[in-house]
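Hi,

Here is the structure I said I would pass on. Have a look at it first, and my notes follow below.

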Amino acid sequence: MKRATSIKTRITIWYTTLMLVLIAVVLSLIGGISYRLSIDNIEKDVMVQVSGVNEKLSKRDRGVFFKIENNEEFKNVTVYTDRGEYVAGKYNYDIDRIPFKEGNPRRESVDGKEYIIYDLRTSTPPGIPPFWIRGAESVNSSVILGQSMFYVVLILVPIILLLTALGGYYITKKAFMPISDITKTADDIRVKGDVKKRIPLNPEGKEDELFRLSVTLNAMLDNIENLITKEKQFTSDASHELRTPISVVLSQGEYLLEIAETEKERELAQNIVDKANQMSKLVSSLLLLSRIDQNRQKLIKKDVELRVLVDVAVETTKAFANEKRINVNVKVEENLTVYVDETLMLSVITNLINNAVKYGKESGTVDIMAKREGSAVNIIVKDDGIGISKENLEKIWDRFFRVDDVRNDEYGSNGLGLSMVKSIVELHGGKISVESEIGKGTEFKIVI
Ligand code: ADP
């Protein structure tokens, strides 16, 4: 599975890490240079101190030679005999143990501590054995780097990083705001089917790439909406145009049926009447659907006794159910009223019962149940028929979708029933769902 890391987070992580690396590089460069400079300074300082003491010593005569014991003058300098015994100056046991070596200042470490050592052998007046003058200063990294640097690293760096991350995140979030708007608009159109929805454009916003993308997408949505409107208008116009010729065919077919003399003539005329009836039903369904699509379908709502509505629907499908010896059970709560458009809701229930019988098994059962649940009313139509496969379950609401074309033709099915049922239920603010298992049966549930 892909990790859900937003572009904002990725960009923020990227430049915060970059910033961290940059700070680390700059700090180590500054640290390295200042460390080198500090070492140079210490070396110089030690040499100056040692030469100072050496100069003072060389000016003294034998009698007063040992009298310079003022620590101020010695500071970081110690004087030893030629054999390495302490004579005067700063006493440091660690440093005493380091062997003497003439030359340049050098680094020595004793017990983990670092020192810069500078040894000088004195030139003494005749008769006096030479001395060692040793200058020593400790090299403590944090001291060299300086306390201020230490605080910068410890406190300022996290603050800088936090500000970088937060500031950057805020800026990218603002910059990507149009993308959230685009996603939200696309989602609204997808879920609610509201093709009128457009991406909001901030007139004060920058005319950047995302702004231009939003403008282009809005223009594209205009085109799509236009196409859909035209298509809806076409369906509506075509259905209207078909209504008159169909009724003419129907009435003339009925007339032919009346005057038919032979069996063959009767059969042909009956065929014309049946097909004309089918076409008339189809056109009525299409007209209703296009009225709902174009928000032109008016609901004449009133309180309707559900039991009465179900009884009428059962009555309408009775002959068909008897033909298949299907037992229709009605279980509707007493005095259950719904505030609906009676004609449309009747066609919903009739459609569902008709389907339950049509796709129910011979001598099977159809249950119709209705009860109040909270502020809603649940209506269930259940059969023990052929069922619907999982892959078709989503498609049954599509216009003209039929699972089995050949089989359905026997019943004059057109695949518009369920899309009409769904549209009407949703027009009433309700919801319809289906559960089904192949070979076991199907259950439609309306919550209204
Ligand atoms: P149709 O006019 O073909 O019945 P519908 O829109 O009412 O059109 O139903 C669409 C398809 O859904 C049907 O062709 C059928 O295959 C399936 N279907 C509908 N109701 C049932 C049911 N109760 N049991 C099994 N299949 C069903």
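A question to start with: is S419 buried or exposed? Keep in mind that this is a predicted model. S419 turns out to be buried, because its relative accessible area is 4%, and anything under 20% counts as buried.

So where does that residue sit? S419 belongs to helix α13, which covers residues 417-427. If you skip the neighbours within four places in sequence, S419 is in contact with L289, W397, D398 and R399.

Of the 11 residues of α13, 8 are buried, so the helix is largely enclosed by the rest of the structure. The buried ones are G417, L418, S419, M420, V421, S423, I424 and V425. As for what lies over them, the cover includes α8, α10 (342-358), β11 (431-437) and β12 (441-447). After α13 comes G429, which has a positive phi, near 80°.

Helix α7 (residues 209-259) and helix α8 (residues 263-293) have axes that come within 8 Å and cross at roughly 155°. That angle is over 145, so α7 counts as roughly antiparallel to α8. The crossing of α7 past α8 is left-handed. Sorted by class, the contact between α7 and α8 has 14 nonpolar residues, 9 polar and 5 charged.

That's what I have for now. Happy to go through any of it with you.

Cheers

Key
Residues are numbered from 1 along each chain as its sequence is written. This is a predicted model: local features need pLDDT of at least 70, side-chain atom pairs count only at pLDDT 80 or more; totals for chains, interfaces and linings use all residues. Side-chain values use heavy atoms; hydrogens and water are left out. Axes are lines fitted to C-alpha atoms, for helices over the stretch in contact, and angles run from 0 to 180 degrees between N-to-C directions. Helices (H or I, at least four residues) and strands (E, at least two) are DSSP runs, numbered from the N terminus. Angles under 35 degrees count as roughly parallel, over 145 as roughly antiparallel, 65 to 115 as roughly perpendicular and the rest as oblique. A crossing is left-handed if the near helix is turned anticlockwise from the far one by less than a right angle, and right-handed if clockwise. Ala, Val, Leu, Ile, Met, Phe, Trp, Tyr, Cys and Pro count as nonpolar, Asp, Glu, Lys and Arg as charged, and the others, Gly among them, as polar. Buried means under 20% relative accessible area, exposed over 50%, partly exposed in between (1.4 Å probe, protein chains only). Contact means heavy atoms within 4.5 Å.
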